[in-house]
Amino acid sequence: MKRGSVIVKADMIMDKDPHGLKLPEALKQRLDAFCSVYGRIETAVAAMGSVCVALCTYLLIVALDRVWDTPVSFRCVLGSCLLCGAAALWIRWWRRWWKTRHDQRLAARLIQRGIPALGDRLLGAVEIAQGSPGNGRMSQEICRAALEQVAADTARYDFARLVDRRPALLLGACAALMAGCAALIVVLVPEVALNALQRTCFPWAGIERFTFVALEPIPAEIVVAHGEPFTLAFPLSSVSRRLPRGGVLEMEDGQRVSGVFRNGSVVFECPPRFREIRARVRAGDAARMFRLIPLLRPEITQLWAVERYPAYLDRAPQRRRIAGSSLAVLGGSIVGFEGECSRTLGSMEISQPPGTRAEVWSNRFRIAETIAEALTNG
């Protein structure tokens, strides 16, 4: 009895020593090989996935910029999706491989999915080797025999071949295809490629999109005569890569006016307008927005004539207010005009005499002096 009791005590001591059990070397090597290949595949999935997300965002900006001026808000949303997509892929990488690398039980579960015939035996062997609490009910000889049995049963399996390589291959093919498209854009139209890259990387910077047809700057507001047909001409910039055949002027109310390219400008002959409206001019791939403001023509509220008499009269110049529609002056005198209008002027054109210039500031103007005979003949 005494000897038996000693043996029981010895067994109890051995059962409490989990560190005496290890996975057979061959089984451990196959598990390590699986973890190594699994890690490389998961890293490739995260890397190729991030490249695909970045290239997809870039190519989308390139395509959209050919159709319209992609807004800053939309480009910021795309940039946020890019960052979120890349972060999600690398979080997935950390959860699936980094944890598997430090926990053989997770690797055993993944292997068992590929070899259903194993059941839970591989996982049980890993837990025995790690000294799980339930193993204390079995002696080390039984546990060691179980490990050897699992190692023998799995000897014919190459765990590394169980790793699914299809996601990495698919993402790699997609990345290569999109990279090829991006490279083709760089070769054919480097300006477009660089401009889209800048707008993708810095969506908040307000970088203007590149267009093959470039228009000169257009004012935010264009004033036209109220209720009268008018002509709009939008000159092309010298940096334009192409000359458009014409253009389209689109009104907010749906009206469209076709234009022609003439003398370096896109010219539109427009019907009368009676109310303020937003409009957009399109020429080739260029587009500009502006507001069209019909206003009644300004009225001359006051007009003065400054007459300098011929030298033989020896008279001082005279400034007279013109109350009617005509003015009598002495032949040979030099006459200029000054006046005020009902509102601020942008420019003034003098039809008679031809070539006469006018200076405009605020709502006032001055017409260059001319000889009275020219006025009479005109």
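Colleague: At what angle do the axes of helix α2 and helix α8 cross?

Modeller: In this predicted model, where local features need pLDDT of at least 70, side-chain atom pairs count only at pLDDT 80 or more, and totals for chains, interfaces and linings use all residues, helices are DSSP runs of H or I with at least four residues and strands are runs of E with at least two, numbered from the N terminus. Residues are numbered from 1 along each chain as its sequence is written, and side-chain values use heavy atoms, leaving out hydrogens and water. Axes are lines fitted to C-alpha atoms, for helices over the stretch in contact, with angles from 0 to 180 degrees between N-to-C directions. On that basis α2 (residues 25-67) and α8 (residues 190-201) come within 9 Å, and their axes cross at roughly 115°.

Colleague: Which residues of α8 does α2 meet?

Modeller: Contact here means heavy atoms within 4.5 Å. From α2, the residues taking part are Thr57, Tyr58, Ile61, Val62, Asp65 and Arg66. Their partners in α8 are Val192, Ala193, Asn195, Ala196, Leu197, Arg199 and Thr200.

Colleague: How many charged residues does the contact of α2 with α7 have?

Modeller: Helix α7 (residues 166-188) packs against α2 at an angle of about 30°, the two axes being 8 Å apart. The contact includes Ile41, Met48 and Leu55 of α2, and Leu171, Met178 and Ile185 of α7. By class (Ala, Val, Leu, Ile, Met, Phe, Trp, Tyr, Cys and Pro count as nonpolar, Asp, Glu, Lys and Arg as charged, and the others, Gly among them, as polar), this contact has 21 nonpolar and two polar residues, and the number of charged residues is none.

Colleague: Is Asn263 buried or exposed?

Modeller: Asn263 lies in the loop between β4 (256-262) and β5 (265-270), and its phi is near 55°, a positive value in a residue other than glycine. Buried means under 20% relative accessible area, exposed over 50%, and partly exposed in between, with a 1.4 Å probe and protein chains only. Because its relative accessible area is 75%, Asn263 counts as exposed.

Colleague: What relative accessibility does Ser362 have?

Modeller: Ser362 is placed in the loop between β11 (358-361) and β12 (364-371), with a positive phi near 55° in a residue other than glycine. Ser362 counts as partly exposed, because its relative accessibility is 43%.

Colleague: What percentage of the residues in the protein is buried?

Modeller: The protein has nine helices and 12 strands. Of its 378 residues, the buried share is 35%.
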